[in-house]
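Welcome to this short tour!

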Amino acid sequence: MAAQTAQQAPLLSNEEQTAVGILPASHWQQQSTVEDPNDDAASSIESFMSSTASLSSTIFEYRTIHGRTYHGEMGNAESWEPNDERHKDALDIAHHAYTVVMDGKLYMAPLDKKKVQKVVDIGTGTGLWAIDFADEFPNTEVIGTDITPIQPSWIPANVKFELDDCNREWTWPDNTFDFVHLRMMFGLIEDWEALFRQAYRTCKPGGYTESFIKCGTFFSDDGSVKDDSAMAQWHRVWNAAGKKMGRTFEVYDHDLQRKGMEAAGFVDIQVQEYYIPVGVWHQDKNLAEKGLWWKIMMESDLEGYLNYPFNAVMGWTPAETAVYAAHLRKELNNPKIHGYFKARSVWGRKPE
Ligand SMILES: C[S@@+](CC[C@H](N)C(=O)[O-])C[C@H]1O[C@@H](n2cnc3c(N)ncnc32)[C@H](O)[C@@H]1O
């Protein structure tokens, strides 16, 4: 089990945690999670959320931090992502959130619908990107890979799913794909340059590779994300866990997509930045919708997201993590906190 792999590594000492600005896990249990009655958050959130009530109740049906399941042994894979039913729902919601952030687009590369014959989606999750792409490109063969079989079986005829660890040598021959797609693979990749070398090798000349990733940091321009808030702690704990796992979450921070593509030999590399005001605080309707979906995604399985990095890797107790999650939820629902994420698509072409 992946959880055992992480537990074998020594935990960060209190001094090491302090050095990277991580508050002790017990800190969160000393703070109140009760809503401030003067906060106008509740009413605005309630009206926004009422339309998603049935969705939420399904999602929270088996809410528990214990007994979360993860992928089985598969190459060098160590995934922080649960693969149980609840987290599959979260991944489905995530697909919608990412698509909304990209204004409904599935990709940014200038693909020619008449020429694209074969596409791969690495780390496809529940496969919704691959399925949507296949619907948009009915004459294209679309392969989705993952280390865990959580993909549906009712799929378009031009989609197939394969189990494969992308940290190992890819098994496809050179020049196989017109498009190699990788989305949200942070905290999972041992060597980003090696990953893009494989993408380059398997990409056809003239084909494209594209990667979408979000930055872990909650930014705020007005200081409303306070330094000791749960939002400010978020990326510190995730990033420390990534270091311990040897699979960085700081892909955006270190510009690893562009650097990896450049080093592999891709040309015409393009970058699209995204702004995601998490929650429902933004006045702009389009941005508020992006923020709402991102909030719904996070809340759909917050403990599932945190269980592996916080508990298994960083050694928090499930009770500490649950209280931290409650603080984070409270902040996500407070429209006076103007936290936002950044995200980035990078795509490049393999020269002819
Ligand atoms: C954050 S999810 C992203 C899913 C999908 N790409 C999306 O954007 O909706 C990461 C996915 O990568 C898979 N994964 C983790 N390690 C992997 C590896 N070494 N090779 C292939 N897939 C991996 C996980 O099982 C999970 O489904």
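A handy definition before we start: a residue is called buried if 20 or more other C-beta atoms lie within 10 Å of its own. Keep in mind that you are looking at a predicted model.

**Stop 1: the whole protein.** Show everything as a cartoon, and you will find twelve helices and seven strands. By the definition above, 49% of the 352 residues count as buried. Now think about contacts between residues at least 6 apart in sequence: 75% of them join residues at least 24 apart.

**Stop 2: helix α9.** Select residues 256-264, which form helix α9. Which residues of this helix are buried? Colour Leu256, Gln257, Gly260, Met261 and Ala264, for these are the buried ones. They span an arc of only 125° around the axis, so they sit on the same side of α9. An α-helix has 3.6 residues a turn, so residues three or four places apart point the same way. Just after α9, click on Gly265, whose phi is positive, at about 115°.

**Stop 3: two crossing helices.** Select α8 (residues 230-245) and α11 (residues 302-313), whose axes are 10 Å apart. The two pack at an angle of about 70°, which makes α8 roughly perpendicular to α11. Their crossing is left-handed. To see the contact, show Val237, Trp238, Ala241, Lys244 and Met245 of α8 together with Pro309, Phe310 and Val313 of α11. Sorted by class, the contact has seven nonpolar residues, one charged residue and no polar ones.

How values were computed. Residues are numbered from 1 along each chain as its sequence is written. This is a predicted model: local features need pLDDT of at least 70, side-chain atom pairs count only at pLDDT 80 or more; totals for chains, interfaces and linings use all residues. Helices (H or I, at least four residues) and strands (E, at least two) are DSSP runs, numbered from the N terminus. A residue is buried if 20 or more other C-beta atoms lie within 10 Å of its own, exposed if 12 or fewer, and partly exposed in between; C-beta atoms are placed from the backbone. Two residues are in contact if their C-beta atoms, placed from the backbone, lie within 7 Å. Axes are lines fitted to C-alpha atoms, for helices over the stretch in contact, and angles run from 0 to 180 degrees between N-to-C directions. Angles under 35 degrees count as roughly parallel, over 145 as roughly antiparallel, 65 to 115 as roughly perpendicular and the rest as oblique. A crossing is left-handed if the near helix is turned anticlockwise from the far one by less than a right angle, and right-handed if clockwise. Ala, Val, Leu, Ile, Met, Phe, Trp, Tyr, Cys and Pro count as nonpolar, Asp, Glu, Lys and Arg as charged, and the others, Gly among them, as polar. The arc is that of the directions from the helix axis to the C-beta atoms.
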